[in-house]
Amino acid sequence: MRQCRLLFLLSAVLNALFLLSDWRFAGTPHFFVAVPARLAVVLFSLLCFALVRRAARFGQAQAVTLLWEATTAVAVAFLVSSRSDLALFVVLLLPSIFYLVAPTSFRFTLLMGGGASVLMLIGYLGRGPYPPTLLGLVLVLAMLNVALSLVVIHANRLRRLEWLATQAERSARQALQDSQALIERIFMAVPIPLVVSAVADGSFLRVNDAAVRYLGEPGATDLNGRTMVDCIGIEDRRDVMADLDQRGRIDALEVSLRDGNSRRRDAVITAASLPIGSMRAVVAGIVDITERKAAEAHTRWQATHDALTGLPNRLLFQERLIEALRSRAEGIVALFLVDLDDFKSINDTLGHAVGDELLVAVGERLARGLQPGEFVARLGGDEFVVIVRLPGGVDEAAAKAELLLSALREPFPGAQVAGPMRASIGFALAPHHHDDAGELLKDADLALYRAKALGRNMALIYDPAMREAMNARVEICSAIVEAVAQGRIVPFYQPQIDLRSGAIEGFEVLARWNHPERGIVPAAAFLLALEDAETARQIGEAVLCHAMADLSGWRDAGVAVPRLWLNLAPGVFRDPAFPETLLGKLATAGLSPEQFGVEVTENVLLTRQGEQAGPALQRLRAAGIRVALDDFGTGYASLTHLRRFPVDVVKIDRGFVMRVGEGGEDAAIVRAVVALTAELGLDVIAEGVETQDQRMFLRALGCGFAQGYLYSRPVPADQVPALLGRGGLLPVADAGQGGVVAV
């Protein structure tokens, strides 16, 4: 548009000046042609100058230019009709101006340039005679148009290339601007803090809104006045610079930051070096992990602490024990395993809520009694563990164990537990016993087991003999379980004799192990297996099945067998359905309950199973099964048991019978038991009768029945019919001299 305005203005000015030269035609007919034509060019040039100023698009400017070209070409065609030397020059000049100067599109440039040449030629020739140079003039105009057309074509190609380049540059610039704008929007919109800072002084060169909110003071809109030095501690800055110097980037480095409120925050920084001119900068993303670390710490606490007491649990205890053993330089590491006595009865009588309160109180008391560096944890249930480093030895560890017991024996304020709390402690020392954490815990557990077995409410140190006994117990239990599976646990039968007539009144069923190498092994050889509740149950099941099969076989063979007495293990009373199960097995085998009796020891009635034993024995007795109290006099509160539990027969323990001939306390006890049972209307059986003197003493007292080697050792099932076929058994000599005779 500037070019158009300049072109139109020059046209008006120059043509106005050319009016002066047109006065030379004054007085000639051409004067009246030249002056109007010149004035028309000037007027249209000024008009186009005014119109083009209002143009807003290229098309409008081009239309004005085409108007100017058309009017100028027509007017100049009249001017060159004078055929003056100047007119010939104009014939050649005006098309050149249209070709080279007028700012029109390619096709209009060619059209107006060629059209102007034609008009110039027509106007120059006019109506007069053609000059002799007509052919040369036409050729010159043709060559001029061809040459100018080539120039215009070439210029148009260049302009197209320039236009394409300009458009490409414009598109690239626009794309770059759009990309920069997008990146800027993304940079500002990213919810995590992003910063660009100078490495030299840590000053912030660029930050996003999240960074301002995170690192800036409350209400701040920028981070002016703050640097990365203000936000990151010295040690973390050293780690940051080390990574940047070595690798030029930072991959998820955990650091501690100070935010705009001067609070310490945990964050992960990922960054890379970014050169900005000659300045070395770094662009960094900051991810706050304070809440995540707090959640991880809380999860870790939950995983390593007991939910009820808040004490460390077994997992953390194992870690601390391993750590204590590894870091032990001098002195010893004492491991105390604490178990509350009779805690189950508290839960059963007072409820689990009271039990939980007591566990919390015990944990607090144990924790309060610890010195710095000592550790207490709850392993589960009512079992706690304490780790203590001691400079001394066994005596100091024993004193510590007594302190723990004393602390637990003190009354618990607010607790509903009557009397002081009792506990048992087993403890082991490293390196005296073991340096391995697992083995040391086993040692303390074995000591605790022994303390429980010896009466509880005591602290006991580990002794290697405990492990030997436990290994022996595990070994014999494994062997017995295998023997049960192979059918090698079989019943032997020891007769019970009427002291007056010698008649066999019953058989006690005794377990024997038919060992593949050692032959028949008595129960005394696997007493350790009988101490294990599950193994004892399996032995009892095997003996019962064999005894029922033997009794069925004797019945089918026409052999009348008196009552069979079965020994019940303490563990059977844990099952409330035991009486019905036993009676169901007898019914399935077609056997009458009156053919059986059961023997229980006083120790069974004194244990936790005592409460379950009473109803179970009542049910069996009601069904016809007789009940015998075995080993009478070796337990506690025997008279109470005779009153509380359904008992038909009392068996005097062999420990009293074997010394009755010597008189003294044992003889007095036997007299008292026989007299007591007689008053209560109970039968009495003396166990372990082996001499004639014992027999005579018992018979003189009025003891009804005896059982022992003086009459018969336990025999296998195939010898029972022979014993019964003799009619009765009378001794002919002491058991040590041998001999059994039939009567």
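## Asp341 and its surroundings

Apart from neighbours within four places in sequence, Asp341 is in contact (heavy atoms within 4.5 Å) with Met421, Arg422, Ala423, Ser424, Lys452, Arg456 and Asn457. This is a predicted model, in which local features need pLDDT of at least 70 and side-chain atom pairs count only at pLDDT 80 or more, while totals for chains, interfaces and linings use all residues. Residues are numbered from 1 along each chain as its sequence is written, and side-chain values use heavy atoms, with hydrogens and water left out.

Asp341 sits in the loop between strand E6 and helix H12 (343–350). Helices (H or I, at least four residues) and strands (E, at least two) are DSSP runs, numbered from the N terminus. With 3% relative accessibility, Asp341 counts as buried; buried means under 20% relative accessible area, exposed over 50%, and partly exposed in between (1.4 Å probe, protein chains only). Its side chain makes a polar contact with the side chain of Ser424, at 2.8 Å. A polar contact is a pair of N or O atoms within 3.5 Å; within protein, one must be able to donate a hydrogen and the other to accept it, and residues adjacent in sequence count only if both atoms are side-chain atoms.

## The five-stranded sheet

Five strands form an open sheet in the order E7-E8-E6-E9-E10, with mixed pairing. Strands E7 (375–380) and E10 (459–461) are at the edges with a single partner strand each, so one side of each has no neighbour in the sheet. Two strands pair if DSSP finds at least two bridges between them. E7 pairs with E8 (residues 383–390) in the antiparallel sense over five bridges, and Phe375 has Ile387 in E8 as its bridge partner.

Helix H14 (residues 394–409) lies across E6 (332–340), E8, E9 (423–430) and E10, and runs at about 155° to E9. Axes are lines fitted to C-alpha atoms, for helices over the stretch in contact, and angles run from 0 to 180 degrees between N-to-C directions.

## Strand E12 and its partners

Of the 12 residues in strand E12 (residues 504–515), 10 are buried. E12 pairs with E11 (residues 489–498) in the antiparallel sense over nine bridges, and Ile497 stands opposite Ile504 in E12. The hairpin of E11 and E12 has five residues between the strands, and Gly502 there takes a positive phi near 80°.

E12 and E14 (residues 563–567) run parallel, joined by four bridges; Glu508 is partnered by Trp565 in E14.
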